[in-house]
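Keep the viewer open as you read.

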Amino acid sequence: MDGVLVDTMKLHYIAWKKLLEEKGFKKFTKQLYLSFAGMKTLEILQMFKKKHHLKINPELDAKRKEELVYFSEMTLF
């Protein structure tokens, strides 16, 4: 129901920003976030690893990203 009944886009944006900052990527913007909307988490992590030469373990960092999403703060549409 993510994106249908509840709005979690902001929460995912914050989680991605935090995760990538942990990895040393400080240039994360909403425009960049929107550029990979709809992609799978593992694909996004692999892209950042390759394109920005970050130390990313896609499987572990996918779990970390989900830990950073504070679903308790989501809002209904």
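## A buried pair of rings

Phe28 and Phe36 are both buried in this predicted model. For Phe28, the relative accessibility is 4%, well worth a look in the viewer. The rings of Phe28 and Phe36 have centres 6.1 Å apart, and their planes meet at 40 degrees, so this pair counts as tilted.

How many aromatic pairs does the structure hold? There are 8 of them. In one, Tyr13 and Phe28 have ring centres 5.5 Å apart and planes at 25 degrees, so these two rings are stacked. Tyr13 belongs to helix H1, while Phe28 is in the loop between H1 and H2, so the pair ties together parts of the chain that are 15 residues apart in sequence. Tyr13 counts as buried because its relative accessibility is 13%, and the cut-off for buried is under 20%.

Stepping back, one aromatic cluster is formed by Tyr13, Trp16, Phe25, Phe28, Tyr33, Phe36 and Phe48.

## The nonpolar core

In soluble globular proteins, nonpolar side chains tend to be buried together. Here, the largest nonpolar core is made up of 18 residues. Which residues have the most contacts inside this core? They are Trp16, Leu20, Phe28, Phe36 and Phe48. Helices H1 and H3 (41-52) each supply at least two residues of the core, and H1 gives the most, with 6 residues.

Not counting residues up to four places away in sequence, Phe48 touches Leu20, Phe25, Phe28, Leu32, Phe36, His53, Leu54 and Ile56. Among these contacts, Leu20, Phe28 and Phe36 are also named with Phe48 as residues that have the most contacts inside the core.

Now for a charged residue. Is Asp61 buried or exposed? Asp61 counts as buried because its relative accessibility is 7%. This residue sits in helix H4, which spans residues 58-67.

Asp61 forms a salt bridge with Lys23, and the closest N and O atoms are 3.2 Å apart. This pair links distant parts of the chain: Asp61 is in helix H4 and Lys23 in the loop between H1 and helix H2 (30-35), 38 residues apart. Lys23 is partly exposed, with a relative accessible area of 27%, whereas Asp61 is buried. The two side chains also make a polar contact at 3.2 Å. Leaving aside neighbours within four places in sequence, Asp61 is in contact with Leu19, Lys23, Leu45, Lys55 and Ile56.

## Other salt bridges

Side chains of opposite charge can pair when their charged atoms come close. The structure holds 5 salt bridges. Within helix H1 (residues 9-22), Lys17 and Glu21 are 4 residues apart, so about one helical turn separates them. Their closest N and O atoms are 3.4 Å apart in a salt bridge. Both residues count as partly exposed: Lys17 has a relative accessible area of 25%, and Glu21 has one of 30%.

The side chains of Glu66 and Lys65 also meet in a salt bridge, at 3.3 Å from N to O. Lys65 is buried at 2% relative accessibility, whereas Glu66 is partly exposed at 35%. Salt bridges that share partners also join Glu22, Arg64 and Glu67 into one network.

## A last stop at Gln46

Gln46 is found in helix H3. At 43% relative accessibility, Gln46 counts as partly exposed. Where does Gln46 stand relative to Pro58? The two are 12 residues apart in sequence, and their C-alpha atoms are 6.3 Å apart in space.

How values were computed: Residues are numbered from 1 along each chain as its sequence is written. This is a predicted model: local features need pLDDT of at least 70, side-chain atom pairs count only at pLDDT 80 or more; totals for chains, interfaces and linings use all residues. Side-chain values use heavy atoms; hydrogens and water are left out. Buried means under 20% relative accessible area, exposed over 50%, partly exposed in between (1.4 Å probe, protein chains only). A polar contact is a pair of N or O atoms within 3.5 Å; within protein, one must be able to donate a hydrogen and the other to accept it, and residues adjacent in sequence count only if both atoms are side-chain atoms. Contact means heavy atoms within 4.5 Å. A salt bridge is a side-chain nitrogen of Lys or Arg within 4 Å of a carboxyl oxygen of Asp or Glu. Rings of Phe, Tyr and Trp (its six-membered ring) pair if their centres lie within 6.5 Å; planes under 30 degrees apart count as stacked, over 60 as edge-to-face and the rest as tilted. A nonpolar core is a set of buried Ala, Val, Leu, Ile, Met, Phe, Trp, Tyr and Cys residues joined through side-chain atoms within 4.5 Å.
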